[in-house]
Amino acid sequence: MASRKQQHRADGQAHRRETAAHQDETAAHQDESAPGKREFRAHELAEAAGITTRTLRFYRERKLLPPPRREGRIAWYDEHHLARLRSITALLARGHTLGGIADLLDAFEKGRDVRSAAEVMGLDSSVVTPFSEETPVRLTPEELADYFKGEVTVDNLAASLDLGYVAIDGDEFVHTSRRLLEGSAELVAKGIPLAVVLEAGRELRAQTDEIAATFARLLRSHLLPAQQSTDPAELNTLLARVAPVAKQIVEAELGLALDRRVRAELEEWLADRPDGEGLDAVDEVGD
């Protein structure tokens with residue numbers, strides 16, 4: 001009889017230990033349910049993403065998803081996997097092929113190591129250069145695809161990363177400038193291929209770097225030698241005084257240059273039109 005009671009007691013203790021272990025595991029994953037820490041089993045992830053577990057396995061086989069974290073035989077997925085699945089679904093709905101999506105996601109992952117969002121936005125220095133007034137824009141992959149209908153290719157994404165127009169932060173893009181983003185999208189909408197817009201951006205980058213170098217030399221040669229302190233706050237004050245003057249001069253020169261060059265292009269294009277209508281049109285544009 002005593003032996004039977006001891007066995008019953010041992011069985012009860014084992015059951016309590018098993019129950020406690022299960023509760024600890026559940027609590028651990030509940031603790032990880034905060035944004036960025038929540039974890040899912042395969043069927044839970046598929047349900048959250050609105051797909052079947054069979055589709056999930058297919059995406060894994062095509063290497064569209066990074067490997068899950070494993071605990072023994074259990075695979076745990078996180079919010080990063082969920083965001084990736086939602087991006088795949090959205091890009092498929094926008095007409096991208098699975099092969100194209102795989103290439104884009106691969107470029108996306110490689111872009112994480114190219115430049116951080118902080119570097120692109122200049123947040124890694126105590127000296128504030130106040131010349132740029134651009135507002136960064138956060139975009140999901142599908143939102144970026146919506147800006148440039150059918151033009152978000154691997155090559156264009158790589159060019160944008162290389163130029164520093166975009167950086168990658170988590171599962172999102174950070175575009176360095178709302179004005180550049182919307183201006184580029186408008187040019188693409190009017191019929192200029194995104195690849196051409198990006199190449200023009202590369203040319204402009206080289207030319208504006210030369211303009212910036214001219215002002216940087218003036219600063220280095222004439223203004224900084226008169227500065228008595230290297231304190232970042234005082235340097236920031238100096239730069240804040242110089243910035244509007246530099247931008248005023250560049251804007252004026254750019255406007256004058258655009259007048260000259262665009263008028264010359266119009267004259268050349270319209271001069272080839274019949275009956276001399278082109279020259280009259282140039283005079284009207286000039287007025």
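Reply: Here is a walk through the cavities of this predicted model.

Start with the method. Rolling a probe the size of a water molecule over the atoms shows where empty space is left. In this structure, there are three cavities of 30 Å³ or more.

Take the largest cavity. Its space comes to about 140 Å³. The lining consists of 13 residues. Closest to the centre are Leu 144, Phe 148, Ser 160, Leu 194 and Leu 198. Which helices each supply at least two residues of this lining? They are H8, residues 154–163, and H10, residues 194–223. H8 gives the most, with three residues. Eight lining residues are nonpolar and five are polar. No charged residue takes part in this lining.

Move on to the second largest cavity. Its volume is about 80 Å³. Leu 91, Leu 104, Leu 105, Phe 108, Pro 141, Leu 144, Val 152, Leu 157 and Phe 173 form the lining. Here two helices, H5 (98–111) and H7 (141–147), each supply at least two residues. H5 gives the most to this lining, namely three residues. What classes do the lining residues of the second largest cavity fall into? Nine are nonpolar, with no polar and no charged residues.

One residue links the two descriptions. Leu 144 is among those closest to the centre of the largest cavity, and Leu 144 also lines the second largest cavity.

Notes. Residues numbered from 1 in each chain as written. Predicted model: local features only at pLDDT ≥ 70, side-chain atom pairs only at ≥ 80, totals over all residues. Heavy atoms only, no water. 1 Å grid on protein atoms, 1.4 Å probe; cavity = no way out; pocket = protein on both sides within 12 Å on 5 of 7 lines; lining within 4 Å. Points joined across faces, edges and corners; volume = space filled by probe spheres on them. Helix = DSSP H or I, 4+ residues; strand = E, 2+ residues; numbered from the N terminus. Nonpolar A, V, L, I, M, F, W, Y, C, P; charged D, E, K, R; others polar.
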